[in-house]
Each structure stands twice: as C-alpha cells, then as structure tokens.
Amino acid sequence: MSSPRWFQELLTVDTRGKGFTDITPRLRAVVSRAGLRIGQCLVFVRHTSASLVIQENADPAVLRDLERWMDEVVPVNRAWEHDDEGPDDMPAHARGALTRTSELIPISDGRLALGTWQAVYLWEHRAHPHRRELVVQVSGTD
Amino acid sequence: MSSPRWFQELLTVDTRGKGFTDITPRLRAVVSRAGLRIGQCLVFVRHTSASLVIQENADPAVLRDLERWMDEVVPVNRAWEHDDEGPDDMPAHARGALTRTSELIPISDGRLALGTWQAVYLWEHRAHPHRRELVVQVSGTD
Amino acid sequence: MSSPRWFQELLTVDTRGKGFTDITPRLRAVVSRAGLRIGQCLVFVRHTSASLVIQENADPAVLRDLERWMDEVVPVNRAWEHDDEGPDDMPAHARGALTRTSELIPISDGRLALGTWQAVYLWEHRAHPHRRELVVQVSGTD
C-alpha cells in the first residue's frame with residue numbers, strides 16, 4: 001500500500017557567529033525517523049540574517065574561501081542606511097538574499113539523495129553567536 | 001482521515017518598477033482557503049526579470065539598502081551584449097539569476113511557518129511597471 | 001479518484017565546460033511520463049560546482065552576458081586558498097553558492113507551468129567538460 005505522508009520537526013541550531021554549521025547529520029536523522037522510501041526533505045530557516053547552502057564537505061578551505069569572498073561581495077563597511085542593529089546586520093540580510101532561505105533535497109530508497117561531496121550548511125551571517133530555528137519537513141510515500 | 005491534497009491558484013501582481021511588493025498577505029489567504037494542517041506553499045514567478053526573496057518585514061530601510069546594493073552588484077551601465085529591450089533588461093536577468101524563481105514555505109498548524117520578521121517579496125527588476133504572474137501551490141494533509 | 005503519487009528519475013548531462021545546457025525538454029519528458037494533472041517537478045543537482053537557473057530562452061546573448069558577468073562577480077584569478085583541483089574549482093563552488101542546487105516548478109494541467117520565455121538550465125561552472133547527475137522528482141495527483 002502506498003500512502004503519502006507528511007512529517008515536520010523544528011531544529012534549533014546554536015551558531016558561533018559568522019560561518020558554517022553542517023546540519024546534514026540532523027537532516028538524515030529526521031529522514032530516518034520518517035521512514036519513507038521516496039520523497040523530499042524541505043529545510044526552511046526562520047530568519048533573514050542566516051541562510052542555507054549545499055556545498056563541498058571535504059576540504060574545510062572551501063568554507064573559509066566562501067566566507068572571505070562573501071565579505072568582499074557584501075562589504076561590512078559600505079554606507080548602509082539600516083544600521084540600528086549593528087554594522088554586521090544589513091550585510092547579513094544582503095548575504096541572505098544571495099543564498100537560500102530553504103533547500104529541498106529528494107529522498108531515494110529512504111535516504112537523502114545528496115551527491116558524495118555535498119553537505120547542507122546553515123550559514124550564519126551575523127558576527128555574534130545566535131540561536132536559529134529551522135523547520136524540517138519530510139514528505140513522500142512508502 | 002488523512003488525505004493529501006493539492007491546490008493551485010494564479011496570482012497577478014502589478015509592480016511599480018524596481019522594488020519590492022510584499023505578497024505575504026496574499027499567500028496567507030491561499031493557505032487559509034486550502035484548509036490544510038501540515039504541508040507546504042510553493043510560489044513560482046513565471047518571469048526571468050522579476051524574482052522572489054524572503055526578507056525582513058520591519059524596517060523599510062532594509063529594502064532600500066537591498067535595492068541600492070543590488071544596483072552595485074549588477075550595474076546597469078556595464079557593456080551588456082543583450083540590450084534590445086532597454087538598458088535595464090539584461091541587469092534584470094542577472095539580478096533574477098542571483099535571487100529566486102521560487103520559494104517554498106512549510107505550513108504548520110494550518111499557517112505559513114514564517115519567522116516573526118520574515119515576509120515574502122516579489123522583487124521587480126525592470127525600471128518600469130509590469131504585470132507579473134505567479135503560481136501559488138499549496139499541498140499537504142489534514 | 002485522486003491518488004497522490006511520487007516518481008523519480010536520474011538524469012545524466014554531459015557538459016562542455018563553462019556554460020549552459022537547456023534541460024527543459026528532458027524535464028517535460030519526465031513530467032509527461034508521470035501523467036499527473038497537478039503537482040510539482042523538483043530538479044536537484046548532485047554536485048557543488050554546477051548549478052541551476054531558470055532564465056530567458058529566446059536570445060542566446062542573455063546566456064553569454066550571464067557567463068561573462070558571473071566571471072566578474074567570482075574572479076578566477078583571486079587568491080583562493082582551495083586550489084588543489086585547479087584554479088577554476090573554487091570559483092565554481094562560489095558560483096554554485098550564488099545560484100541554485102535545486103529548482104521546483106509547478107505542474108498545471110499536466111504540464112510544467114513555466115512562463116513563455118523561461119527555460120531551466122544546468123550551469124556548468126568548471127572549465128572542462130563534466131558528466132553531471134541530476135535527480136528529477138515529480139509528485140502530485142490526477
């Protein structure tokens with residue numbers, strides 16, 4: 001019998017300021033609990049100064065390069081009008097606009113269909129540590 | 001009884017040239033009509049010179065900063081080859097490539113699971129007003 | 001009778017180095033095989049140095065402009081730390097971070113609900129030809 005189903009969990013991630021947190025193991029755990037054979041995993045960040053990217057999981061220099069290069073694309077010391085929440089706040093919104101609020105990953109044979117070198121990262125764009133909320137939703141069928 | 005369902009509506013948005021239109025109230029209305037408890041809301045823009053972003057809904061200076069900064073990332077007066085439709089057309093495509101053609105938002109307890117400060121914006125990238133078509137699709141279960 | 005269903009296919013695309021491959025005809029074929037009336041088509045790239053964009057399908061100059069402009073946003077001859085796999089590898093990751101790992105397109109009346117001028121492109125960011133794997137997943141109902 002094939003009966004489509006929907007599951008949802010709230011994830012909390014404590015970031016350490018600007019940089020990447022690999023959330024792939026936590027997504028795999030949700031997918032495993034859902035017990036579906038085919039479907040999709042939606043990850044949604046409930047913030048506008050942190051975002052998602054799927055990037056290489058092998059060489060940590062890739063993440064260091066992305067962080068430094070993004071600081072050049074979105075400079076902190078540009079004359080931003082919105083600066084009430086600190087000089088790093090508006091650049092964080094701009095970095096969020098360039099990356100993703102949600103990612104959607106297919107599930108094949110009960111597992112995330114990521115490529116060998118792919119990991120899903122929460123990208124914190126604020127300078128200081130933040131507690132971030134993500135909705136993870138798995139849907140699909142047996 | 002849990003019976004998964006799919007709903008679709010076409011939204012028309014009249015833009016006033018470059019800038020943001022908050023479409024969150026219209027998405028909430030579609031989600032409310034669909035009457036699902038858990039699921040997702042897909043928004044899809046049927047154009048390549050307007051796009052979507054989820055951004056802060058509190059201080060309008062955030063949107064002004066995004067607009068001015070995006071003009072620096074994608075300059076209008078670069079030597080673009082494609083210029084038959086005006087000098088603002090090719091920059092509009094590039095701005096579209098950097099942002100999103102679709103956004104996907106989870107539905108929890110019958111409501112969009114957006115964060116407190118998140119709104120969904122249609123971002124018009126052309127200089128003049130345009131009529132834009134968006135497909136809004138809600139799927140999920142009771 | 002309305003019975004939600006999920007289909008999945010693996011697509012292989014041989015790229016010719018930096019540039020765009022229009023995969024819309026292959027997506028239409030999968031959607032046609034699935035035979036659903038309403039739903040969605042998810043495309044997911046299983047790589048971090050190639051990505052997806054939905055862009056204009058009419059004037060090929062648009063794609064040439066996007067390619068040249070992206071080379072300015074993400075310069076190859078910046079001092080990247082990660083360079084073991086060649087000078088084009090880290091820029092390819094950065095270009096991937098700015099564009100999309102997945103695209104999600106609604107299905108209306110059994111067809112992709114793309115706008116008249118929209119096509120779905122696989123964007124190869126490496127200098128040399130690569131074989132790329134994409135997961136295409138169609139879900140929806142009669």
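This is a predicted model: local features need pLDDT of at least 70, side-chain atom pairs count only at pLDDT 80 or more; totals for chains, interfaces and linings use all residues.
Local features need pLDDT of at least 70 and side-chain atom pairs count only at pLDDT 80 or more, whereas totals for chains, interfaces and linings use all residues. Residues are numbered from 1 along each chain as its sequence is written, chains are lettered from A in the order in which they are written, and side-chain values use heavy atoms, with hydrogens and water left out.

Visitor: What area is buried between chain C and chain B?
Guide: Buried area is the accessible area (1.4 Å probe) that two parts lose on being put together, summed over both. Carbon and sulfur atoms give 56% of the area between chain C and chain B. On the chain C side, D65(C), W69(C) and L104(C) lose the most, together 22% of what that side buries. The total for the pair is about 2700 Å².

Visitor: Which residues of α2(C) make the contact with α3(B)?
Guide: Helices here are DSSP runs (H or I, at least four residues), and the axes of α3 (residues 89-98) of chain B and α2(C), lines fitted to C-alpha atoms over the stretch in contact, come within 10 Å and cross at roughly 65 degrees, on a scale from 0 to 180 degrees between N-to-C directions. Contact means heavy atoms within 4.5 Å, and α3(B) contributes M90(B), H93(B), A94(B), A97(B) and L98(B). From α2(C) the residues are V62(C), D65(C), L66(C) and W69(C).

Visitor: Which residue of chain A forms a salt bridge with R68(B)?
Guide: Across the interface of chain B and chain A the rule finds three salt bridges. In the one formed by R68(B), the closest N and O atoms are 2.7 Å apart. The partner of R68(B) is E81(A).

Visitor: Which element gives the largest share of the side of chain B that touches chain A?
Guide: The contact takes 34 residues from chain B and 32 residues from chain A. Elements giving two or more residues to the chain B side are β3 (38-45), β4 (50-56), α2 (60-73), β5 (102-108) and β8 (131-141), the strands being DSSP runs (E, at least two). The largest share, eight residues, comes from α2(B).

Notes. A salt bridge is a side-chain nitrogen of Lys or Arg within 4 Å of a carboxyl oxygen of Asp or Glu.
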